[in-house]
Amino acid sequence: MRAQFVLSEIGVGLRRNLTMTFAVIISVALSLALFGGALLMREQVSTMKDFWYDKVNVSLFLCNKADAADGTKCPKGAVTAQQKEQIKTDLEELDIVESVFYESTDEAFKRYKEEYGDTAIASVITPDQMQESFRVKLKDPEKYQVVATAFAGRDGVESVQDQRDTLQNLFDLMNGMNIAALCVMGLMLVIALMLIVNTVRVSAFSRRRETGIMRLVGASSFYIQMPFIMEAAFAGLLGGGVACVLLLVGRYFLIDHGIALAEKMQLVNFIGWDAVFAKLPLVLAIGLLMPAVAAFIALRKYLKV
């Protein structure tokens, strides 16, 4: 009997405040969709870092005759065969180094022609202008500074470059977008909470006669508050469900179909469906608990029971 009464009161409350309930559902859905999207964006950035950092190398460019003639980068002259051998040996002795690959000037010239052969400057570049280099693959790409400290400024070494720098701008952009999404989510969350509190207060005010009678006949505070809390929780759960649908549809159209980023950007390792499904229970749980807690707090002050 009590459960039937509570359920009937929930239906009455939802019908009386249909417009505000709909606004709560939309606000919760948008805020939670942004929340889930921000979580997925952060995981995407982490996945891309793991994917690309595993493939980038640290490059040690050696001094050539042109660098030596310049006098600023390599004041002690071009690299010698003995220096090259010593640099390679020292690199291979480092615990953080996984492998070392030597690229000659001819190999560097060939690679340059393959990548930039259509440009005007490529027609005037000669093999002797290219730099010999050691491409170093690290066990942990984050340990780049160890190599840079050990070899930068060393005789025969013109510069030490970390290829991660070429990717850092992309990751910074994605992290910026993630922060922007979190800020918008926070704003939408505040709006949703305000709507929930106002909806609960309006619903409680419209049924103040019923709650007064229940108070007089000895109904407990929790029993009086329960219909209002469950109304808010139900609306929040619907909003969470809509947010889950938005996340699934977004993943489907952005990556697999529609825009189809997976086909257009095949070098990017996108997050899979498992990552999306893993976030859905959290979105639903927040959608259910957040309005319920907000309603409970609002009712304790408003009903004073």
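What follows is a short exchange on this predicted model.

Visitor: Why is Cys 183 called exposed?
Guide: Its relative accessibility is 52%. Exposed means over 50%. Cys 183 therefore counts as exposed.

Visitor: What makes Cys 244 buried?
Guide: Cys 244 has a relative accessible area of 7%. The cut-off for buried is under 20%, so Cys 244 is buried.

Visitor: Why does Val 293 count as partly exposed?
Guide: Its relative accessibility is 46%. Val 293 sits in helix 11.

Visitor: Which residues form the nonpolar patch on the surface?
Guide: Leu 237, Leu 284, Leu 288, Leu 289, Val 293, Phe 296 and Ile 297. Together they have about 580 Å² of accessible area.

Visitor: Where does the largest share of the nonpolar patch come from?
Guide: From helix 11, residues 273–302, which supplies six residues. The chain has eleven helices and four strands.

Visitor: What about the chain as a whole?
Guide: Of its 305 residues, 41% count as buried. The accessible surface comes to about 17,400 Å², and 63% of that belongs to carbon and sulfur atoms.

Visitor: What share of the contacts between residues at least 6 apart in sequence joins residues at least 24 apart?
Guide: The share is 81%.

Technical notes
Residues numbered from 1 in each chain as written. Predicted model: local features only at pLDDT ≥ 70, side-chain atom pairs only at ≥ 80, totals over all residues. Heavy atoms only, no water. Patch = residues over 30% accessible without salt bridge, like charges linked within 9 Å, V, L, I, M, F, W, Y side chains within 5 Å. Areas by Shrake-Rupley, 256 points an atom, 1.4 Å probe, with all protein chains shown as cover. Salt bridge = Lys/Arg side-chain N within 4 Å of Asp/Glu carboxyl O. Helix = DSSP H or I, 4+ residues; strand = E, 2+ residues; numbered from the N terminus. Buried < 20%, exposed > 50% of the residue type's maximum accessible area, 1.4 Å probe, protein only. Contact = heavy atoms within 4.5 Å.
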